[in-house]
Amino acid sequence: MQCDVLLQNARVVDPRNGVDGQFDLAISDEVVCGVERKLEPQDASEVYDVSGMVVMPGVIDLHVHTSRRHKGYNAHRMMARAGVVTALDLGGPLDEFLEFCRNNPAGLNMAALQAVRPGHTTRDEDPGPSEIADVLQESVERGALGLKILGGHYPLTPEATRRIMEVCNEHRKHVAFHSGTTRTPGNVDGLLESIDLAEGLRLHLPHINSYCRGAVRGATQEISEALEALQGRENLFTEAYLAIINGTSGRCTDGLPESLATRRCLEEGGYEATQEGLRRAIIDGYARVGKESSGENINVTGEEALEEWKYRDTVVSVNFPVNPAEGRLLCAVARDDTGDFIVDAISTDGGGHPRNVAVECGLALVRTQGLTMNEFVQKTSWMPAEIIGLPGKGHLAPGADGDVTVVDPERCRPVMSFNRGRLIMHRGAVVGNETTVITTEHGRKAIQDMGLRAYTADTQDGIFYADDPRAALK
Ligand SMILES: [Zn+2]
């Protein structure tokens, strides 16, 4: 069989098609053309022996950020190095998202939701249905898949929050909601409110673990409440991440950190919620500081961190190890009474933020037998593809896109990845050099006019608006 790429001697794991075993996998003309016990290398242009590795459908991260604020110009490279092939930017802004897709590519497939933000995309915190419909239409025509409600950061009224979900549902577009409204903060109570607000509607609820940091009733209590409340909610599509760190701002004015989140983290760590408290937290290594290094955003600690914070006049990102293990681990492994996962996917909330650890930490869960390899693939590729509506991705049947991530299950690392048969990353070196933007049919023209490659997604082809969303899993 003639083909472009041949991966030999791998363990191929494709839970959607019930494949798990030693196979060779061939890609030709951008699609998978064969998964067989033995394929002949002389028929292939590129041959890779990947003995001992796992070949899985390309990793899809349902939750990343690539805005300027997140130094998104480094994000594509960071994601590619982390084994990601496809990612959904949860909030844009769309113009920055597209700018970095064009100018800073790393071979990825990228999709975006445009943020609804009072004073920016809407007039105020209580937009009516026609204003919301206009924002949705404009965003979709510019290439977005739908809208993201930024409740936890820029809250809207509960009524407007529900209205946005209604408008997106009516138009069958993707909608995600970072919990929190003008009535309830974005903590576990905000999450419970979100579940009520979404009654009867379809909704992507991101980073479930992050609402359960223990600020209200303790981390253990909060995560069990959250998981209990999410049980059986077929209308909700959820993800959670595995990184311990959050991300916030280190900027101080008049001796105080500007961000309330930063002050809260300092207090939680036993520091004063002041500039001096932050200085001490940085020296001690409790607060890590974001820095750029060789085209990537990294976190530094101690003296180096203090230098950077001072050099930038405190205008840096800082982060703290505030995500409790209970939330991170239970969201990854917890199941409901019928045996289905309560949280659908493993995401990162990474991108430009250096916590693209879905592969690294997810494989560590496989090594410690918290998940099987099949379940890891289900949560990092198959379900995300179903949620976005990408029938050609998330699996490796003949005819599926040649999107592949090769991972080392012993070292818990990505080794190489392909986007439709094109090598984009090999042993940490990023070689991908164009971005494909996943958009709806209404966004194709705008994307192509920017000189970007467009790939059409339709929620009708996935589970987001399916009558029985989890039927595929049964
Ligand atoms: Zn996020």
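Reader: Which residues of helix α11 are buried?

Author: In α11 (residues 358-367), A358, V359, G362, L363, L365 and V366 are buried, that is, under 20% relative accessible area with a 1.4 Å probe and protein chains only. Helices are DSSP runs of H or I of at least four residues, and strands are E runs of at least two, numbered from the N terminus. The model is predicted, so local features need pLDDT of at least 70 and side-chain atom pairs 80 or more, while totals for chains, interfaces and linings use all residues. Residues are numbered from 1 along each chain as its sequence is written, and side-chain values use heavy atoms, without hydrogens or water.

Reader: Why are H63, H65 and D349 called donors of the zinc ion?

Author: Donors are N, O and S atoms within 2.8 Å of the metal (3.2 Å for Na, K and Ca). NE2 of H63, NE2 of H65 and OD of D349 lie 2.0 to 2.2 Å from the zinc ion, so they qualify. Water is not among the atoms, so the site may look incomplete.

Reader: How do you know whether H63 is buried or exposed?

Author: The relative accessibility of H63 is 1%, so H63 counts as buried. H65, at 12%, is buried too.

Reader: What spacing do the zinc donors follow along the chain?

Author: The pattern is H-x1-H-x283-D.

Terms used. Buried < 20%, exposed > 50% of the residue type's maximum accessible area, 1.4 Å probe, protein only.
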